Number of protein chains: 2
Amino acid sequence: MKLADHRAQTRAEFHERLKRIGAERYHDRHPFHKRLHGGQCSPDEVRAWVVNRWHYQSRIPMKDAAFLSRLEDPQLRRIWRHRIEDHDGGVDAGGGIRRWLALARAVGLDPDYVASGAGVMPATRFAVDAYVRFVRDMPLLDAVAASLTEMFAPKIHAERIEGLLKHYDFADDASLAYFRNRLTEAPKDVEFGLTYVLDHADTLEKQDAAAAALVFKTDVLWAQLDALWHGYVEGRLPPGAWRPGEGLLDSAIPEPARDAAAVP
Amino acid sequence: MKLADHRAQTRAEFHERLKRIGAERYHDRHPFHKRLHGGQCSPDEVRAWVVNRWHYQSRIPMKDAAFLSRLEDPQLRRIWRHRIEDHDGGVDAGGGIRRWLALARAVGLDPDYVASGAGVMPATRFAVDAYVRFVRDMPLLDAVAASLTEMFAPKIHAERIEGLLKHYDFADDASLAYFRNRLTEAPKDVEFGLTYVLDHADTLEKQDAAAAALVFKTDVLWAQLDALWHGYVEGRLPPGAWRPGEGLLDSAIPEPARDAAAVP
């Protein structure tokens, strides 16, 4: 018989602890999001966000596949696999990441430019790639716990849809389809992930590790917005980062500039 | 401009080279398969094959997920993902690996015992796990090339279906469903994988690496049968390996033994 760890938090206490991490550290509290949702972002700040956040979107299915590759239980694999399906979608239909490219087009960016990953800031890459490696290397419990930022996502997606629709011309049902879909996709992911974490974190040591994993993930999200703010709000762009005017659709280039560009 | 590698084999020559590797080294040539398909295997030899081959089956989706986790191209991920779907199937339906457990039941093994992986020979694990690591770590071209043993699989599956139906009572449409499904699944995988390898192996160095990867994979398959032969045909079982009588369904235990086992 396995002895219970009497130092462990109760299920309810531990659940509260996880929620508190979101309340204190989730990136809905970041000033860049307040600026974005409040309508204060310039068109180029919005574009910079779309360019950089693409890197996160595009790595999510790779992260989930890395997790899948470590699951010895076929039933767990079957349950987890739909996350990849949500993001990648089918060969013809595409999925969440293709919906992200629809947003890119709506803000005047060439979807091929965005999908190429050119112009993503190094700080964005470092944060996102750290997350993929975390899920590839750490205990399964920690990997699932890191995904639990999804608990806090429906709120930010709802705020974002409302804020973008109110303040920006590009926002409509088509361009915001990514966020609307996540409103229904995220809760089913959370339900499974949260139950898994509450079930498996049965010692104080594992609860601490799972909480640390969730903190780590909030850091991954926050760091991306810090980099955006530093680069595009304060205007201190690192080498290689997207610069306003790059990767635009023809229709988004102001007429005089387009004419000038046409001169051989 | 990229210079062509004049030392490289032509596409047709390289394709022939890959096919020759199969003709010389694929495990349809192994004496265990001749014994199995020819009806000379004892019921326990068949069971030993089912127990051990489970480990290979169960790792294939993990191998494919590891590959998926390295693909930065969403379209390539979408195309590759169906391999996981073929093997794992849906939450309710299951897929290839559940069909393997139907075969286990048909030969009198408890599917839960087989699925637990208990009794798999260490040599089987080492070979299979080497393949998963290869796909996780090696260049993508080599990883795809290693999958090309599928080129040779329809022939062995057809021989197997015919041989098992002819020689063994357990063989019927239900118990052999795994192999029948592979007859249609494998060719579409091969078509994509072969084109990928022929397209990407555009230097002699890459052709050599891809050919070596395919040789490696034939080694992975052959080593599993060598271990089976040594253990179960020659009767030299390593510690921890499945022993005849273990993991059987009640219905497969001979009456007297079942009565004896029922005595407290």
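What you see is a predicted model, where local features need pLDDT of at least 70, side-chain atom pairs count only at pLDDT 80 or more, and totals for chains, interfaces and linings use all residues. Residues are numbered from 1 along each chain as its sequence is written, chains are lettered from A and ligands numbered from 1 in the order in which they are written, and side-chain values use heavy atoms, with hydrogens and water left out.

**How the two chains relate**

- Two copies of a chain are related by a rotation about an axis and a shift along it.
- Contact here means heavy atoms within 4.5 Å.

**Helix pairs**

A few ground rules come before the pairs.

- Helices are DSSP runs (H or I, at least four residues), numbered from the N terminus. Their axes are lines fitted to C-alpha atoms over the stretch in contact, and angles run from 0 to 180 degrees between N-to-C directions.
- Angles under 35 degrees count as roughly parallel, over 145 as roughly antiparallel, 65 to 115 as roughly perpendicular and the rest as oblique.
- A crossing is left-handed if the near helix is turned anticlockwise from the far one by less than a right angle, and right-handed if clockwise.

Now the pairs themselves.

- In chain A, the axes of helix α3 (residues 43-68) and helix α4 (residues 74-88) come within 9 Å and cross at roughly 165 degrees, so α3(A) and α4(A) are roughly antiparallel. The crossing of α3(A) past α4(A) is left-handed.
- Residues making that contact include A:Gln57, A:Ile60, A:Pro61 and A:Ala65 from α3(A), with A:Trp80, A:Ile84 and A:His87 among those from α4(A).
- Also in chain A, helix α1 (residues 11-25) and helix α11 (residues 204-233) have axes that come within 10 Å and cross at roughly 20 degrees. That makes α1(A) roughly parallel to α11(A), and α1(A) passes α11(A) in a right-handed crossing.
- On the α1(A) side the contact involves A:Phe14, A:Arg17, A:Leu18, A:Ile21 and A:Arg25, while the α11(A) side includes A:Leu214, A:Val215 and A:Trp222.
- Over in chain B, the axes of helix α3 (residues 43-68) and helix α5 (residues 96-106) come within 10 Å and cross at roughly 175 degrees, so α3(B) and α5(B) are roughly antiparallel. Among the residues in contact are B:Trp49 and B:Trp54 of α3(B) and B:Trp100 and B:Leu101 of α5(B).

**Residues to look up in chain A**

- A:His87 belongs to helix α4 and is buried, with a relative accessible area of 6%. (Buried means under 20% relative accessible area, exposed over 50%, and partly exposed in between, using a 1.4 Å probe and protein chains only.)
- Leaving aside neighbours within four places in sequence, A:His87 is in contact with residues including A:Gln57, A:Ile60, A:Pro61, A:Tyr178 and A:Arg182.
- A:Glu185 lies in helix α10 (residues 177-200) and is buried at 8% relative accessibility. A polar contact of 2.7 Å links the side chains of A:Glu185 and A:Arg182. (A polar contact is a pair of N or O atoms within 3.5 Å; within protein, one must be able to donate a hydrogen and the other to accept it, and residues adjacent in sequence count only if both atoms are side-chain atoms.)
- A:Tyr113 is in helix α6 (residues 111-116) and is buried too, at 16% relative accessible area.

**Residues to look up in chain B**

- Is B:Asp112 buried or exposed? This residue of helix α6 (residues 111-116) is exposed, with a relative accessible area of 62%.
- B:Gln40 is in the loop between α2 (31-37) and α3. B:Gln40 and B:His167 are 127 residues apart in sequence and 8.4 Å apart in space, C-alpha to C-alpha.
- The side chain of B:Gln40 reaches the backbone oxygen of B:Gly38 at 2.9 Å.

Methods. Helices (H or I, at least four residues) and strands (E, at least two) are DSSP runs, numbered from the N terminus.
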